[in-house]
Amino acid sequence: MATDPAQRIADLSKAIRHHNHRYHVLDAPEIADIEYDEMVRELEALETDHPELVQPDSPTQRVGGPALDAFSAVTHRERMFSLDNAESHEDIAAWEARLERMLERPPAGYSCELKIDGLAVSITYENGRFVQAATRGDGLVGEDVTANVRTIKSVPLALGEGAPELMEVRGEIYMPVSAFDELNRKQAEAGERPYINPRNTAAGSVRQKDPAVTAGRNLSVWVYQLGFITGGPPLESHWETMEYLGSLGLKVNPASARAADAAAVHAYLERAEKDRHANDYEIDGVVIKVDSLDDQAILGFTAKSPRWAMAYKFPPEEKTTLLEDIRINVGRTGVATPYAVLDPVFVGGVTVTNATLHNEGELQRKDVRVGDTVIVRRAGDVIPEVVGPVLSKRPRGAKVWKLPKTCPFSGHPIVTPEGEARAICTGGFDCPSRLREYLFHFASRGGMDIEGLGYRTVDMLMSEGVIRTPADIFTLDRDDVLRFEGWGEVSVTNLMNAI
Ligand SMILES: [Zn+2]
């Protein structure tokens, strides 16, 4: 072990940097957390004893700067362009045809990457040292968020061997889904309003006035584009560029792939959309870039975006719509669940008219009110959910929602048992809603699997008074059913046999 403190600080910094990279960038730690913590503690102690030896890019110097009153403006060295959007495979095919016309041949390959749903930033390194981070802003001028971005552990403060004199990279700062869920779990515990989604929360976290708050949010980054470089190695393709950035210690996404031709691009799109929720970060599409930098130079830019790149957007999983009413469902166990009646909205590939609001407590934490414009989310196979209100659009006089005191189906009192989140209708099977849900579940594949006893049949038999209790199903008389429209000898016999 070196006895010279300066040497020991340098050795420890180097080792910690290496393990940071293994842990936060590669997601492949080599040592136990406790060994890592020991090294950090030793470095901190040495730096406390020798403040003159503290380096600005020391791994201990992530949360250093004071809280800010405002973010100063940063003019980007190179404009941060936005990308053209495609919403279908046909749009992508049309773009590929345009590329072929302009190049008078197909491009020499593509690079495909997942489009991260986060906040775009530009990060500048001088001689391998992190010096500045800025938001996109209007593309020409952004906000200086250096103090906050340096708290993000997957953003290296010092690059590895081969760093150029000056380099600006672009990336997306995001909040991992697991970190978002954990944050909202804590919000719920504290009885606070939940955060709407990882993207907004990441953006809000980067724009905190106090870097210590940002540091506590567990943000991460994916770097996806080189903006500006002097003094780097010769680079011939986007793919090579990303490999170079990765070799410097920057976090580049291993889910990116090279595609030799249009067919491979479309295969990537399909796979990415199918696996949309397979990662611990949210994506809202795929970015396709012409891979060869020579091809990119020929294709150039329009006034607002590069011709050599395209963002393929997945159908949105969140939309806003009007919350027309909040009503109660009474389920098969008697639980009274509030749900939202929505102005129909097409989201996550289906038209949503109702969405669950879970329970009174959660509804009040989210503070959604009748008349609000609300954010509705439907992700994958998950049932549609009201995420929260758009407060700026709240109409005057919108009232806090309260659970009704009596059941709208049976008139029985609705009570919330001590220490429970869920309310129940006290009517038992006298509650027609509960009975209907119970019978339907009983007859369904999850229960007795009685073929022919679907929701509509249960509903009809109940509203006609044929079934009043769960046991009535077993004493069903064929004549009781035969008299209804649409029921003949065959269908009644089938139903009877099924029961
Ligand atoms: Zn009831």
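**Note on charged side chains in the predicted model**

1. Glu35 has its place in helix H2 (residues 33-49); helices (H or I, at least four residues) and strands (E, at least two) are DSSP runs, numbered from the N terminus. At 41% relative accessibility, Glu35 is partly exposed, where buried stands for under 20% relative accessible area, exposed for over 50%, and partly exposed for values in between (1.4 Å probe, protein chains only).

2. The model is predicted, so local features need pLDDT of at least 70 and side-chain atom pairs count only at pLDDT 80 or more, whereas totals for chains, interfaces and linings use all residues. Residues are numbered from 1 along each chain as its sequence is written, and side-chain values use heavy atoms, with hydrogens and water left out.

3. On the surface, Asp33, Glu35, Asp37 and Glu38 gather in a patch of negative charge. Patches are made of residues with over 30% relative accessible area and no salt bridge, like charges being joined within 9 Å.

4. The structure holds 27 salt bridges, each defined as a side-chain nitrogen of Lys or Arg within 4 Å of a carboxyl oxygen of Asp or Glu. Among them is the pair of Glu143 and Arg207, at 2.7 Å from N to O. This pair links distant parts of the chain, 64 residues apart: Glu143 belongs to strand S6 (residues 141-143), and Arg207 to the loop between helix H6 (198-206) and helix H7 (211-215). Glu143 is partly exposed at 23% relative accessibility, and Arg207 is partly exposed with a relative accessible area of 39%.

5. A salt bridge also joins Arg258 and Asp291, whose closest N and O atoms are 2.9 Å apart. Arg258 is in strand S9 (residues 257-259) and Asp291 in the loop between strand S10 (283-290) and helix H10 (293-299), so parts that lie 33 residues apart in sequence are tied together. Arg258 is partly exposed, at 48% relative accessibility, whereas Asp291 is buried, with a relative accessible area of 3%.

6. Arg377 and Glu282 form a further salt bridge through their side chains (2.8 Å, N to O). Because Arg377 lies in strand S15 (residues 373-377) and Glu282 in the loop between helix H9 (262-274) and S10, the pair ties together parts that are 95 residues apart in sequence. Both Arg377 and Glu282 are buried.

7. Finally, a network of salt bridges links Arg193, Asp367, Arg369, Asp372 and Arg394.

Conventions: Patch = residues over 30% accessible without salt bridge, like charges linked within 9 Å, V, L, I, M, F, W, Y side chains within 5 Å. Areas by Shrake-Rupley, 256 points an atom, 1.4 Å probe, with all protein chains shown as cover. Lys, Arg positive; Asp, Glu negative; His and termini not counted. Charge placed at Lys NZ, Arg CZ, Asp CG, Glu CD.
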